[in-house]
Amino acid sequence: MGLSENNKKILLGPLGKNNPISVQMLGICSALAVTSKLEPAIVMAVSVTVVTAFSNLVISLLRNTIPSRIRIIVQLVVVAALVTIVNEVLKAFAYDVSKQLSVFIGLIITNCIVMGRLEAFALGNKPGPSFLDGIGNGLGYGLILIVVGFFRELLGSGTLLGFQVIPQSFYDMGYANNGLMILPPMALIVVACIIWFQRSKDKDLQEK
Amino acid sequence: MQDILSTFVRSIFIDNMIFAYFLGMCSFLAVSKNVKTAMGLGIAVVFVLAATLPLNYLLEVYVLKQGALVWLSPEFANVDLSFLGFILFIAVVASFVQLVEMVVEKFSPSLYASLGIFLPLIAVNCAILGGALFMQQKAFPNLGVATVYGLGSGIGWMLAIVGMAAIREKLQYSDIPKPLKGLGIAFILTALMGIGFMSFSGIKI
């Protein structure tokens, strides 16, 4: 598949320099609560990518017919319909994970990434690039989620995706899981560390 | 009565929207730069949460739940519309916010001037929809408890954003490592406040 230079930028930009969480400050709400284990973090990342991509596509197709006064409500309805579909699919095929994620699947509706990309990109661009933009931003969001989930599960429970990773001999020598990592506030600290790391590599992103 | 009081205290301190569930973080981080605007947004959130939660509760009990439509006709005893929850809740929130905006603009221009810009923001504040979804999950026994839960969650959110804004105002004078400035330090502060709030978790009423 040959991607033009521009489309490549739209797709890959959000993974690094234009990351929705660490740079654009969008979608933090749901990013943190689901990351105490790796598995729900991955499911959440995939769900958000799907919803962002398809809502971008739909709104981009409709962009010339929506009156701008009621566009927020139209956008919310489109997004809510997509999220309902995702929720029903998860309930049917991954019931345990959908129980763990509880209300946070529903909260994708008000996830600022979805609304932010609809307003900033899909309303002014053709369906093709909008779809790519949705996938890119979903992946950029997912990347942070997965990194946070990885560290929290590894340090907090010594497992990854439910499998024991840290060998028993470590525990025998006196190593203990850090229970603090599972508690909600540590998600914020891990994200802060990611931001710290990214901004010390990339000086342009630093705030004055 | 005891039910109401304990729900109220729990929703403010223990199940705090921000520190326990991270709901409404986007506007929490964006608008917490000075105390006055933070207060404005906080009051708007309290108001909208306390008003939409009972509405959504009625919707849940009389329309969405399995067998909820029995009051129309006994044939509907097996109808379960709960999959429509997301769409209906968000429609209620969005239209209510629009309505409040119009009413406030008409009757109290001064309040509109101070609150107006925040109102549209609230329609997409996760805390509002989150409140509705938690209400659905917790299955409150009656309308009173649901209303108090909405009120308490809103107050908890306001408490968090005003506290955060106060700290960030002082923060301007401190020497923070460059890459952490702005967003990074805000995250760490929220985490520390969250750890502080965890000390409430032992309270039982």
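A residue counts as buried under 20% relative accessible area, as exposed over 50%, and as partly exposed in between (1.4 Å probe, protein chains only). In this predicted model, local features need pLDDT of at least 70 and side-chain atom pairs count only at pLDDT 80 or more, whereas totals for chains, interfaces and linings use all residues. Residues are numbered from 1 along each chain as its sequence is written, chains are lettered from A in the order in which they are written, and side-chain values use heavy atoms, with hydrogens and water left out.

The account begins with the interface. Contact, defined as heavy atoms within 4.5 Å, involves 40 residues of chain A and 39 residues of chain B. Together the two chains bury about 3,600 Å², of which 83% lies on carbon and sulfur atoms; buried area here is the accessible area (1.4 Å probe) that two parts lose on being put together, summed over both. Across this interface of chain B and chain A there are zero salt bridges, a salt bridge being a side-chain nitrogen of Lys or Arg within 4 Å of a carboxyl oxygen of Asp or Glu.

On the side of chain B that touches chain A, at least two residues each come from α2 (17-21), α3 (25-30), α5 (85-107), α8 (126-138) and α10 (183-198) of chain B. Helices are DSSP runs (H or I, at least four residues), numbered from the N terminus. The most is given by α10(B), with nine residues. By residue class, this side of chain B divides into 28 nonpolar, nine polar and two charged residues. Ala, Val, Leu, Ile, Met, Phe, Trp, Tyr, Cys and Pro count as nonpolar, Asp, Glu, Lys and Arg as charged, and the others, Gly among them, as polar.

Aromatic pairs form a further theme. Rings of Phe, Tyr and Trp (its six-membered ring) pair if their centres lie within 6.5 Å; planes under 30 degrees apart count as stacked, over 60 as edge-to-face and the rest as tilted. Over all chains the count comes to eleven aromatic pairs. One of them joins A:F54 and A:F131 edge-to-face, at 5.4 Å centre to centre and 70° between the planes. This pair links distant parts of the chain, 77 residues apart: A:F54 lies in helix α3 (residues 38-62) of chain A and A:F131 in helix α8 (residues 127-157) of chain A. A:F54 is partly exposed, at 39% relative accessible area, as is A:F131, at 26%.

A:F150 and A:F151 also pair edge-to-face, with 5.4 Å centre to centre and 80° between the planes. A:F150 is partly exposed at 33%, and A:F151 is partly exposed at 37%. In chain B, one aromatic cluster comprises B:F13, B:F19, B:F197 and B:F200.
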